[in-house]
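Morning, everyone. I have one structure to walk through today, and I'll keep it brief. Please look at the screen.

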Amino acid sequence: MEIAWTGVQALVLFLVLSALVGRFEVHQISMEPTFHEGQRVLVSKLDSLWSNLVVGTAHAADSRHSSPFALQRGQVVVFYRTPARDEDALIKRVIGLPGDTLEIRDGQVLVNGAALDEPYIHGIDTSCNATCGPLTLAADEYFMMGDNRVNSLDSRSFGPINAGQIVGHVVLRYWPLGDIEFFP
């Protein structure tokens, strides 16, 4: 009986962890040099669950959120390009939050009129594909871009992402072992 009870507890723990944490392998170059093809990451689904709970309530454009689980500008997230989730998941960085007004002009990303500080792109200019702005994000929309701006299919091409398409944000790169790193 104790073995069966331990098995049930282990199963419940596994299901809870599976609901809160996802594992993904990077299959793209759009986040280089931050992430490379073949690396594996753990994704926290807590922020995605939180976003889905507060859909319809826009966050303040100054990025102060009412929950530690809300997505923050600069976080790396895994999401699906379409609501149907019928394509491979993408990994990109959150550039615009609900309520933000974005514009890409003269090689820079402007958020609410101010140039965004982006040390992760290493001085590369940001070009504009289709969505150049100014664009104001709705209460459940996020604007995503890859760090490798020259080789990234992102919100500049397919537009903002709805909260329901987001899996969660990357918290740990765990493979290869020599590249282990935690992410906020």
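Of the 184 residues in this protein, 40% count as buried. Keep in mind that this is a predicted model. The protein has three helices and twelve strands. Its accessible surface comes to about 9700 Å². Carbon and sulfur atoms account for 60% of that area. Now contacts. Take those between residues at least 6 apart in sequence: 61% of them join residues at least 24 apart.

Let's go to strand 3, residues 76-79. Which way do its side chains point? V76 and V78 point one way, V77 and F79 the other.

Next, the partners of strand 3. Strand 4, residues 90-96, runs antiparallel to strand 3, and four bridges join the two. Find V77 on the screen: K92 of strand 4 stands opposite. Strand 11, residues 166-175, is also joined to strand 3, here by three bridges. That pairing is antiparallel as well. In strand 11, look for G168, the bridge partner of V78.

On to the cysteines. How many disulfides does a search of the whole structure find? One. The disulfide links C128 with C132, and the S to S distance is 1.4 Å. The torsion about that S-S bond is about -100 degrees, so the disulfide is left-handed.

Now the backbone. A reminder first: most residues other than glycine have a negative phi, and most peptide bonds are trans. Here are some exceptions.

Start with the prolines. The peptide bond from E32 to P33 is cis, with omega near 5 degrees. P33 sits in the loop between strand 1, residues 21-25, and strand 2, residues 40-44. Then there is the bond joining W175 and P176. That one is cis too, with omega about 0 degrees. Where is P176 found? In the loop between strand 11 and strand 12, residues 181-182.

Next, positive phi. N112 is not a glycine, yet its phi is positive, about 55 degrees. N112 lies in the loop between strand 6, residues 108-111, and strand 7, residues 114-115. Its relative accessibility is 37%, so N112 counts as partly exposed. H122 is not a glycine either, and its phi is positive at about 55 degrees. Look for H122 in the loop between strand 7 and strand 8, residues 135-136. H122 counts as exposed, because its relative accessibility is 56%.

Last stop, the surface. Which residues form a nonpolar patch there? W5, V8 and V12. Together they have about 300 Å² of accessible area. W5 belongs to helix 1, residues 2-20. At 52% relative accessibility, W5 counts as exposed, because the cut-off for exposed is over 50%.

That's the tour. Questions, please.

Key: Residues are numbered from 1 along each chain as its sequence is written. This is a predicted model: local features need pLDDT of at least 70, side-chain atom pairs count only at pLDDT 80 or more; totals for chains, interfaces and linings use all residues. Side-chain values use heavy atoms; hydrogens and water are left out. Buried means under 20% relative accessible area, exposed over 50%, partly exposed in between (1.4 Å probe, protein chains only). Two strands pair if DSSP finds at least two bridges between them. A disulfide is a pair of cysteine sulfur atoms within 2.5 Å. Patches are made of residues with over 30% relative accessible area and no salt bridge: like charges are joined within 9 Å, nonpolar side chains (Val, Leu, Ile, Met, Phe, Trp, Tyr) within 5 Å. Accessible areas come from the Shrake-Rupley method with a 1.4 Å probe; for residues, only the protein chains shown count as cover. A salt bridge is a side-chain nitrogen of Lys or Arg within 4 Å of a carboxyl oxygen of Asp or Glu. Contact means heavy atoms within 4.5 Å.
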